[in-house]
Number of protein chains: 2
Amino acid sequence: MSRTSDIDILVSEVGPRDGLQSVDRTMPTNVKTKWIDALAGAGLREIEVGSFVSPKRLPQMADTGDVVRHAITIDNLNVLALVPNLRGAEAAVSAGTHALTMPVSASRMHSQANIGKTPEEAVAEVSKVDALRRNSAGQAVTLEVGVSTAFGCTMEGPVSEDWVLRLAVSCAEAGADSVGLSDTTGYGNPAQVKRLFTRLHAELGEKAGGAHLHNTRGQGLANVVAALDAGVTTFDSSLGGLGGCPYAPGASGNIVTEDLVYLLESMGLRTGIDIEALIAARPIILEGLPGEAIYGSVPDAGLQLGFVYAGQEVTA
Amino acid sequence: MSRTSDIDILVSEVGPRDGLQSVDRTMPTNVKTKWIDALAGAGLREIEVGSFVSPKRLPQMADTGDVVRHAITIDNLNVLALVPNLRGAEAAVSAGTHALTMPVSASRMHSQANIGKTPEEAVAEVSKVDALRRNSAGQAVTLEVGVSTAFGCTMEGPVSEDWVLRLAVSCAEAGADSVGLSDTTGYGNPAQVKRLFTRLHAELGEKAGGAHLHNTRGQGLANVVAALDAGVTTFDSSLGGLGGCPYAPGASGNIVTEDLVYLLESMGLRTGIDIEALIAARPIILEGLPGEAIYGSVPDAGLQLGFVYAGQEVTA
C-alpha cells in the first residue's frame with residue numbers, strides 16, 4: 001500500500017489480473033506492460049499485475065513473473081500479485097513483487113472450486129506465506145488477504161456475515177497486514193456493504209482492508225458510496241470493466257476504474273489520477289485483445305462543463 | 001402520491017414521459033397504453049404518462065390526453081403528467097390527470113431554452129396552476145414541482161446550491177404540494193445529492209419531494225444511495241433507461257427502473273414491485289420503438305440465488 005498524504009482514496013487497478021483472467025484469450029506480454037505503463041502514467045499508485053498460478057489452469061497469467069519484473073521498475077507504483085498458495089508466493093517474492101494478495105473464500109463450495117482448499121486450509125496457507133515473506137531477507141513484502149464471496153456465492157447463495165467476520169479475523173491472526181472484503185459475484189447491496197465494512201473496521205482496526213466490488217447488476221458504485229460511509233479508503237477496479245462476468249453476458253465484472261475515479265473526484269475525494277489519461281489508455285486493451293467488450297459511462301459521456309479535479313476545471 | 005403503508009419507497013415511472021420525449025420517433029398510443037398496463041401490473045403505483053405541451057414541439061406527446069384517459073381507469077395508480085404552463089395544466093385537469101408536475105429550472109439558460117421563461121416566471125406559473133387546480137370542482141389534483149438542473153447545467157455548468165434551495169422554497173410558497181430536485185443533466189454526485197436533499201428536507205419538511213436522477217455517467221444508483229441517506233422516499237426512473245442521453249451517445253438517461261427496484265429491494269426497502277414482471281415488460285418498448293437502445297444490468301444478469309423480495313426467494 002503506497003498510500004501517501006496527497007490522496008484520500010487509493011484506487012487499486014486489478015484489470016491485468018482479475019480482468020485478464022476472465023478473458024479466454026491471452027494478452028501479449030508487451031501489451032500488458034504497455035498497459036501497466038499507461039495506468040501508472042495516469043497516476044495509479046497500485047496495480048495488481050497478475051497472479052502466480054498454474055499456467056495450465058490460467059495460461060493468461062503464465063508471464064506474470066516477466067510482468068512483475070517490468071512493473072517494479074516503475075517509480076511510485078506498488079506492484080501487487082495474487083498468490084493462491086505458498087508455491088505461488090515463492091515465485092512472486094522471487095520475481096520481486098512488492099505485495100501479495102491471497103484469496104480466502106467464505107463460501108466452502110467456492111473455496112474448493114477456486115483453490116481446492118477449505119477456508120480453514122486457505123487460512124493455514126496465509127500463515128505459511130506470512131512466514132515466507134518474513135524470511136525474505138532484505139525485501140519488505142506486504143501480505144494482503146481478500147475474503148472472497150463475502151457478500152454471497154453463486155453456488156451457495158447467501159453467506160453468513162458472522163462467518164465472514166470470523167474468517168477475516170483468522171486471516172489477520174494468521175499474519176495478513178490487511179484483510180479486505182470481495183464481492184466476487186456481484187451479490188452485494190449497499191446496506192450489507194456498509195454493515196460488513198463497519199464490522200470489519202470494528203474487528204480489525206488498522207488491518208481492515210479495501211473493497212473489491214463487482215458491477216454485475218449495476219450496483220457497483222452504489223456499493224462504493226456505502227463502503228465510503230463505512231470508512232473504506234481502498235477500492236479495486238478495472239479499466240474498462242475488463243473481463244465482464246462469465247455468468248452474465250452483458251454485465252460488467254469489476255467496477256470500471258474510469259467511472260470510480262470520476263465518482264470519487266466528483267465527491268471531492270482526491271485519487272491522484274488523471275481521468276482523461278485513463279480514458280486514453282482504453283485502446284491499449286483492444287490492441288491486446290481485439291474486439292473485447294469494455295464498459296464505462298464516463299468514457300462515453302465525457303467530463304461535464306465546470307467539473308473540477310486535480311486542480312483543473314473543464315471548460316466548454 | 002399514492003404512498004401506502006405497505007411500501008417504504010415510491011418508485012415513480014417516468015419512461016412514458018421523459019423516456020419517450022427523448023426519442024425522435026413516436027410510440028403508437030396503443031403501445032403506450034399496453035406498456036402502462038404492464039407497468040401497473042408489475043406493481044408500480046405512480047406513472048408519469050406524458051406531458052401536455054405543444055404537439056409541434058413534442059409530437060411524441062400529442063396523444064397524452066388519450067393516454068391519461070386510459071391510465072386513470074387503472075386501479076391504485078397515481079397518474080402524473082408534466083405541464084410546463086397554465087395551458088397545459090388546463091388540458092391535463094380536463095383529461096382527469098391525478099397529479100401535475102411542473103419543471104422549474106434553476107439554470108436561467110436552461111429555463112429559457114426549455115420553457116421560454118425565467119425561473120421567476122416559471123414560479124409565477126406554478127401559482128396560476130395552483131389556483132386552477134384549487135378551482136377544479138370535485139377533483140383533487142396534486143401539484144408537484146421538480147427543480148430541474150438542480151445539480152448543474154450543460155449550458156451554465158455548476159449551479160448555486162443556495163439558489164436551488166431558494167427556488168424550491170419559492171415553489172412551495174407558490175402552492176406546490178411537494179418540490180423535488182432533478183439531475184436533468186446527470187451532473188450530480190453523491191456528496192452533493194446528500195447535501196442538497198438534506199437542506200431541502202430542512203427547508204420544506206413534508207413538502208420535500210423526490211429525486212429525479214439520471215445515469216449519464218453511470219452514477220445514478222450511487223446518487224440514490226446518497227439520497228436515501230438524506231431521507232428521500234420517492235425516486236423517478238424509467239424502464240430500460242429509455243431515452244438515453246441526447247448529449248452522450250451510449251450513456252443512458254433516466255436511471256433504470258429494473259436496477260433501481262433491485263437496489264432498493266436488495267437493501268430490504270419494500271417497493272411493492274415485481275422485478276421479473278418489469279423485465280417481462282421490456283419487449284413492449286421495442287414493439288413500439290423497434291431497435292431502440294435500452295439499458296439495465298439486472299435484466300442481463302438476472303436475480304441471484306437466494307435473493308429474497310416480495311416475500312419470495314430465488315432458488316436454483
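**Exercise 1.** Work out which rotation and shift superpose chain B on chain A.

*Solution.* Next, find the axis in the model: B:Ala222 is the residue of chain B that comes closest to it, at 1.9 Å (C-alpha).

A quick note on ground rules: this is a predicted model, where local features need pLDDT of at least 70, side-chain atom pairs count only at pLDDT 80 or more, and totals for chains, interfaces and linings use all residues. Residues are numbered from 1 along each chain as its sequence is written, while chains are lettered from A and ligands numbered from 1 in the order in which they are written.

**Exercise 2.** Describe the side of chain B that touches chain A, by elements and by class.

*Solution.* Count first: chain B and chain A put in 36 residues each (contact means C-beta atoms, placed from the backbone, within 7 Å). Then look at elements: helices H8 (190-204), H9 (220-229), H10 (257-266) and H12 (298-301) of chain B each give two or more residues (helices are DSSP runs of H or I, at least four residues; strands are runs of E, at least two; both numbered from the N terminus). H9(B) gives the most, with 5 residues. Finally, 100% of the interface residues of chain B are also interface residues in chain A, so the copies meet through the same surface.

By class, chain B's side has 19 nonpolar, 14 polar and 3 charged residues (nonpolar: Ala, Val, Leu, Ile, Met, Phe, Trp, Tyr, Cys, Pro; charged: Asp, Glu, Lys, Arg; polar: the others, Gly among them).

How values were computed:
Copies are superposed by least squares on the C-alpha atoms of residues with pLDDT of at least 70 in both. Two residues are in contact if their C-beta atoms, placed from the backbone, lie within 7 Å.
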